[in-house]
Each structure stands twice: as structure tokens, then as C-alpha cells.
Amino acid sequence: MSIKIAVLNLMPNKVETERHLKNKLCSLDKNLEFTFIKTATYVSKNTDPKYLNNNYKELNDIENQNFDAFICTGAPLEKIPFESVIYWRELTKIFDWARERIFSSYFICWGAQAALYHHYGIDKYLMKEKISGVFFQTKHNQIDPLTEKLPENIPVPVSRYANTKESDLLRYEELELILGSKDSGPCLVVNKKNNEYYNFNHFEYESDTLKNEYLRDLKVESKTPIPTNYFPNNNPKNEPIDCWIDNSKLFFNNWIELISINKRKK
């Protein structure tokens, strides 16, 4: 039994993001089929057009196909108002399509903020500086299927310029905070009615992803802070350790198992 996953990849380096997701999800010994989606109203400037044409679909190509799961990645757009994003109208159409036709959706970072804004009007708030590093997230819900067997406190990579207020989330009965940190804010939110999971952080990151982002930002701003709780002894010369890998695999396995159970019921 294969599980079909539609992935809207909004990141500039699409090949890297594909690898992140496939490495975590395909390590689960599950039969997964990925269909990668690109926007029609904006053409990526960072990925070879020929590669996109050969490996990506647009919504019009696949909207009548059957998928079991949907993933929306983040995008480096946190400093821009949602409605000012070139492909915003198309994006909301994709969000509505996923909610209507797909059993479970997983939104990452800006993708999570964008989906919550579209569905509930919950806005993002820019912070004074980027929050980057590995922060322990505490379980707020002990019985959600995605956090089953995970420890009480879970290290998760964080990398963003904007935050979502817990008080805004709590205004909606169908939304529930599952993971969060007093230092980095809400992490994982669920809408159980629609089996939607919103993760403001990055279980999919590889061990050197935050390092590469830090080195990139350092070229632009020499005073870029070192990612918190990331480099051993807080020294960027030391190779970081992927302390979240086991938890991230268990987390994604829980999500795929949730989808598998639903598929077997059909």
C-alpha cells in the first residue's frame, strides 16, 4: 500500500528541501510516492527551469488526482505581508484544495504561518532579530498521535524572523497547541477536525542546515548571532550534532502511521 504525498515546495533551493523531506520520510521503511508542486504565478529564480518542468507539477495538473497527504514548506517571506506575496491568491487556492480533498496536511515555518492566516486570520509578528538554533519544545498534549512515544522535552531546530502568539491560537477551539517553548514560542499546532498540523520549526533539517544558514547570513551581516544551543561549546568551528534526528523520525513515522490507518479504513 503506497501513500501518495503532494508537496508544495516554496523554498528557493528546491533540491535541498526535497532531500531534507525525503531523507526523513523515506527512512521510515514506508512505500511513499511524492509529487512536487510549484506555483504557476511565480517562477523560481534559484532552480533550473528545465529541472522544474521535468520534476514539478502545477495545481491544474493534479487537482483531480487522489493524494493521502499534503506538505507545504516554508519560504523566506516572513518580512512581507501575506497579501503582498506574488502568488498569494494561488497559494490560498492550494490550501483550500488540500483541506477539501486530502486527509492530512503538514505545514512548515512560513507555510504554517500562511495557512493559519488564510484559514483563521492569525497574523505573524516580526521579532527584533532572527531566532535561530535548537530549542527544547515541551509537550502540551500527551495523547496526540504525532507526539506519541516522544519525550516530554524535544530538541527542534528553529529558524525564523517572525513569531505566532499563543494567545491568538487559543481563540479558536479547533486549534490546539501540542509543542511549545517559553524561549522560542509555539512550535506545533493541530486542527484535529481537518487533520492539519502546523509546525513553525524544522524537524526536517539536516545537521548542517542551521550552520549553512548562519554562514550565509554572516556574509550579509557580520554581527549575525551564533545559533543557540547548536554548535558544541558555542563554537562555529565545531561540527554540529543532529540531536533531533531520532525524535524527528519518530514524529514523521507517527504522521505517516496516522495516514496509513485512515487509508486502511477506506
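Author: Let us begin with a definition: a residue is buried when its relative accessible area is under 20%, exposed when over 50%, and partly exposed in between, with a 1.4 Å probe and protein chains only. This is a predicted model, in which local features need pLDDT of at least 70, side-chain atom pairs count only at pLDDT 80 or more, and totals for chains, interfaces and linings use all residues. Residues are numbered from 1 along each chain as its sequence is written, and side-chain values use heavy atoms, with hydrogens and water left out.

Reader: Is E196 buried or exposed?
Author: E196 is buried, at 2% relative accessibility.

Reader: With which residue does E196 form a salt bridge?
Author: Its partner is R99, and the closest N and O atoms are 2.7 Å apart. A salt bridge is a side-chain nitrogen of Lys or Arg within 4 Å of a carboxyl oxygen of Asp or Glu.

Reader: Where do E196 and R99 lie?
Author: E196 is in strand β10 and R99 in helix α4 (residues 88-101), so the pair ties together parts that are 97 residues apart in sequence. Helices (H or I, at least four residues) and strands (E, at least two) are DSSP runs, numbered from the N terminus. R99 itself is partly exposed, at 26% relative accessibility.

Reader: Why can such side chains pair?
Author: Side chains of opposite charge can do so when their charged atoms come close.

Reader: How many salt bridges are there by this rule?
Author: The count comes to 12. Among them is the one between D68 and K263, whose closest N and O atoms are 3.2 Å apart. D68 is in the loop between α3 (59-62) and β4 (69-72), while K263 is in helix α8, 195 residues apart. D68 is buried at 8%, whereas K263 is partly exposed at 24%.

Reader: What about E213 and K130?
Author: They form a salt bridge with the closest N and O atoms 3.8 Å apart. This pair links helix α7, which holds E213, with strand β6 (residues 125-139), which holds K130. Salt bridges that share partners join K130, E213, R216 and D217 into one network.

Reader: A change of topic: what is the phi of N195?
Author: Phi of N195 is near 55°, a positive value in a residue other than glycine. N195 sits in the loop between β9 (185-191) and β10 (196-199), and N195 is buried at 18%.

Reader: And N229, buried or exposed?
Author: N229 is exposed, at 56% relative accessibility. Its phi is likewise near 55°, and N229 lies in the loop between α7 (209-220) and α8 (245-265).
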